[in-house]
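Here is a short briefing on one protein chain. Look over the sequence and the 3D view, then work through the points below.

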Amino acid sequence: MNREAIYHCSSFSYAYPVEKDVLCVRLMAQQDDIKEVKVHFRNLYEHERPMETVPMERILNDGLHDIYEARIQVKEKRFKYMFEIHSDEHIFYTSDGFLQEWTENNCFFYPYINPDEILEMPDWAEGKLIYQILVDRFWNGDPGNNPKGCRAWEELPDGETYYGGDFEGVIQKLPYLEKLGVDILYINPVFSSPTYHKYDIRDYYRIEDIFGGKEVLKKLVDCVHARGMRLVLDGVFNHCSVHHPFFQDVLKNGPKSEYREWFCLYSYPVEEVKANYDSFGGLVPSMPRWNTANYQVIEYLTESAAYWTEYLNVDGWRLDVADEVAHIFWKEFRRRLKGIRPDILLLGEIWNHASQWMCGDEMHTVTNYKFRNAILEYAQGYLSEKKFWQKIDNVRMLYKTPMHTYLVNLAGSHDVARLGTVLKDSESVKLVLLTLLTFQGMPLLYYGDEIGMEGGEDPDNRRAMQWSHADECLLAAVAKTGRFRKEHEILQKGNLSPIETEEHLLAFSRSYKGEKLNVYLNFHEEQALLPKKKEAILFWEGEVDIEEDYLRIKKGGMIITSGE
């Protein structure tokens, strides 16, 4: 047994409460190195009764390591535990390392489950389908509020001009979103800003008039709710516009400004041309960075979010550049907003390892760009099925198991090149989106990907929605699958396990409350044959032939069957 690969700590994703008296524990080991592992446990202060024992289940594998997991329950909420490992040797793994014999003092301790340690997630959001919209680029419902110099809808974007999309346009297209099976509408920033994208906010208490203003936004939220959907706003609290009055005061008054500690300044006088202050990415002087560890900044920005949460009755916030904002900011932000909406959803834009923001007191979930990387590499033939699953499990190892159904998987966004340009193959685009819609987590559709829109890097990936040039076959497949997901709780809340087949298929099962579905997708040129079992065929898309003894899946085909 490779002892160096064995790992556990009594915190983070290795030991975390899931109920008032239930602790979930994990153990890491080298891949395929352990035959069996058990966890022995009891009340921390109990010394007489024998320990209880439960077996651990291998749940994840990234090609190097296995993760084993078990739930242990102690009604007194105080835990001591250790692991018994069977491999080529029989040994106990304790807080003091590997021992042939152990005592009470060698156990791992989880001293007490306090209520604030129990993972709380908004039930309504679990596994739901998100649709992302740049308001200016979706639909022009009220030409009367167009800014001057709008581009023609068919023209390519240049990063500066507007197209005229607005809240009224989104309202008019809500029936379209319903047909896609959308549960949550996420709209990019809507606050007063000198740019079309609105990621440089000038006034946190003013909704853009060119979008329709606060009353039409309130109407949009109400219309979304009336259709049984939810709405999430985009919050930009890492930086603001250089035209924000507080930063203008710093430019004017320098060290005498009452806002000098609100920003991250390097020297005086503060000048935009010198960029002698921190900004978005440290590279964009027009977007000075807030000092989010400053209590006055925290109060100002969280109060603005609280105001709009209450006034608009929004259901959540997508939080821009969340990993650069101070932890103390997010803790107060969550506390303040949960006081208004206990079931608020907080989604952080974090592109990499994000577990430190998901400890239960900051984000509920994050953008899972690692999913995008893996599925695009697989779709382009750079990964085998086995390597794809190892990459997926490598990400899932970072997060507590109940969070897996909340990770926001995406294949496109306003920050990356569009699927239609990256893949250049409509069948591959379709299969990536169908995988997204049947996978574990919260799938996010970027407007236009469902109709095959193309676009390179920013600003080309932010073209106006091409309603009259839709790939109707792709749209029909996405809509059919989106509605199927919406109708099946198992696809929203179920566990996920890879399925090995003798064919080159991306295959996985979803299981929930005793029910099981099997999903098979063929990304390859060669057709795949699956032995026909007694399973019921629930859904298919693309070229799938149902023969007497086989299911024949050609490229672009997907089939979903009931589990064995």
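Which residues line the largest cavity? They are N368, F371, I392, V395, R396, H404, L407, N409, F439 and Q440. This is a predicted model, in which local features need pLDDT of at least 70, side-chain atom pairs count only at pLDDT 80 or more, and totals for chains, interfaces and linings use all residues. Residues are numbered from 1 along each chain as its sequence is written, and side-chain values use heavy atoms, with hydrogens and water left out.

**How empty space is found**

- Rolling a probe the size of a water molecule over the atoms shows where empty space is left.
- The search uses a 1 Å grid over the protein atoms alone. A cavity is a set of points where a 1.4 Å probe fits but cannot get out. A pocket is an open set with protein on both sides within 12 Å along at least five of seven lines. Lining residues have an atom within 4 Å of a point.
- Grid points are joined across faces, edges and corners, and a volume is the space filled by probe spheres set on the points.
- Linings are also sorted by class: Ala, Val, Leu, Ile, Met, Phe, Trp, Tyr, Cys and Pro are nonpolar, Asp, Glu, Lys and Arg are charged, and the others, Gly among them, are polar.
- Helices (H or I, at least four residues) and strands (E, at least two) are DSSP runs, numbered from the N terminus.

**Cavities**

- The count comes to five cavities of 30 Å³ or more.
- The largest cavity holds about 80 Å³ of space. Helix α8 gives the largest share of its lining, three residues. By class, that lining has five nonpolar, four polar and one charged.
- The second largest cavity holds about 60 Å³. Its lining has 13 residues, and W351, N352, N368, K370 and Y399 lie nearest its centre. Strand β20 (365-368) and helix α7 (369-379) each supply at least two lining residues. β20 gives the most, with three.

**Pockets**

- The largest pocket contains about 1,200 Å³ of space. It is lined by 35 residues, with I59, R396, L496, S497 and P498 nearest its centre.
- α8 gives the most to the lining of the largest pocket, six residues. By class, this lining has 10 nonpolar, 11 polar and 14 charged residues.
- The second largest pocket contains about 330 Å³. Its lining has 19 residues, of which Y199, F280, D320, D415 and R462 lie nearest its centre. They divide into eight nonpolar, four polar and seven charged.

**Salt bridges**

- Side chains of opposite charge can pair when their charged atoms come close.
- A salt bridge here is a side-chain nitrogen of Lys or Arg within 4 Å of a carboxyl oxygen of Asp or Glu. The count comes to 45 salt bridges.
- E489 pairs with K493, the closest N and O atoms being 3.2 Å apart. Both lie in helix α12 (residues 489-493), four residues apart, about one turn of the helix.
- D158 pairs with R151 at 3.1 Å between the closest N and O atoms.
- R49 and E46 also meet in a salt bridge (3.5 Å, N to O).
- R230, D315, R341 and D343 are linked in a network of salt bridges.

**A charged residue without a partner**

- R334 lies in helix α6 (residues 327-338).
- R334 is buried yet has no salt bridge. Buried means under 20% relative accessible area, exposed over 50%, partly exposed in between (1.4 Å probe, protein chains only).
- The nearest side chain of opposite charge, E120, is 5.3 Å away. For charge, Lys and Arg count as positive and Asp and Glu as negative; His and the chain ends are not counted.
- Not counting residues up to four places away in sequence, R334 has contacts (heavy atoms within 4.5 Å) that include E120, L346 and H364.

**Two loop residues**

- G254 is found in the loop between α4 (245-253) and β16 (279-280). G254 counts as buried because its relative accessible area is 7%.
- A536 lies in the loop between β26 (528-531) and β27 (537-541). A536 counts as partly exposed because its relative accessible area is 37%.
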